[in-house]
Amino acid sequence: MAAEKASPRLEDQWRDILSVHARTMCEIDRELHPHGLGASDFEVLDILVSSTSAAGADADAGSGSGSGSDAGSGRLEQCRVQNIADRVHLSQSALSRLIGRLEKDGLVERSVCREDRRGVWVALTRKGRDLHTEVRPLQRAALARMLTGSDSG
């Protein structure tokens, strides 16, 4: 019975969360559109940037850079597709298409994991890192506006 009474309140809270999420994603999309990115595109780039310290802490820098591309300039900023999928709210197929678009635009590159040929690595390119650095303040300012009501990022 307590659940019955709480239900409308929980539903209202849930709808509020969904509403804030939708408005925030739209605002980020608006801010990043002139730079050729959407909110989900940025999220993948941001995850790759944040994986830099983790990749450096792991031994991935040594084992992951031997896939034959780009002499390693962005190789520390790589992540397995499955690890990205665990952190974004996209289906596997939507994430795969998104990564394909980012790759076509020269922002990331994909390679097969040597140790497990079923695994795929995604690495940030220099162009991807530069674009992330350029638009990060826009994304953070949009978050601040939408989530705290301020414009400081």
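A salt bridge is a side-chain nitrogen of Lys or Arg within 4 Å of a carboxyl oxygen of Asp or Glu. With that in hand, here are some close-up views of this predicted model.

**View 1. The whole chain, as a starting point.** The chain has 6 helices and 3 strands. Read from the N terminus, its elements follow the order α-α-α-β-α-α-β-β-α. Of its 153 residues, 34% count as buried.

**View 2. A salt bridge joins arginine 145 and glutamate 27.** The two side chains meet at 2.6 Å, N to O. Arginine 145 sits in helix H6 and glutamate 27 in helix H1, so this pair links distant parts of the chain, 118 residues apart. Glutamate 27 counts as buried because its relative accessibility is 14%, under the 20% limit. Arginine 145, at 27%, counts as partly exposed.

**View 3. Aspartate 46 pairs with arginine 140.** The closest N and O atoms of this salt bridge are 3.4 Å apart. Here helix H2 supplies aspartate 46 and helix H6 supplies arginine 140, linking parts of the chain that are 94 residues apart. Both aspartate 46 and arginine 140 are buried.

View 4. In the salt bridge between glutamate 103 and arginine 110, the closest N and O atoms are 2.9 Å apart. Glutamate 103 is partly exposed, with a relative accessible area of 30%, and arginine 110 is partly exposed at 35%.

**View 5. The largest pocket of the model.** This pocket has a volume of about 290 Å³. It is lined by 15 residues, and the closest to its centre are His21, Met25, Ala39, Glu43 and His89. Helices H1 (2-32), H2 (39-57) and H6 (126-148) each give two or more residues to the lining. By class, the lining has 8 nonpolar, 5 polar and 2 charged residues.

View 6. Trp14, Ile17 and Leu18 make a nonpolar surface patch of about 330 Å². Leucine 18 belongs to helix H1 and is partly exposed, with a relative accessible area of 41%.

**View 7. Glycine 36 in its loop.** Glycine 36 lies in the loop between H1 and H2. Its relative accessible area is 51%, so glycine 36 counts as exposed. Glycine 36 and leucine 131 are 95 residues apart in sequence, with 9.7 Å between their C-alpha atoms.

Technical notes:
Residues numbered from 1 in each chain as written. Predicted model: local features only at pLDDT ≥ 70, side-chain atom pairs only at ≥ 80, totals over all residues. Heavy atoms only, no water. 1 Å grid on protein atoms, 1.4 Å probe; cavity = no way out; pocket = protein on both sides within 12 Å on 5 of 7 lines; lining within 4 Å. Points joined across faces, edges and corners; volume = space filled by probe spheres on them. Helix = DSSP H or I, 4+ residues; strand = E, 2+ residues; numbered from the N terminus. Nonpolar A, V, L, I, M, F, W, Y, C, P; charged D, E, K, R; others polar. Patch = residues over 30% accessible without salt bridge, like charges linked within 9 Å, V, L, I, M, F, W, Y side chains within 5 Å. Areas by Shrake-Rupley, 256 points an atom, 1.4 Å probe, with all protein chains shown as cover. Buried < 20%, exposed > 50% of the residue type's maximum accessible area, 1.4 Å probe, protein only.
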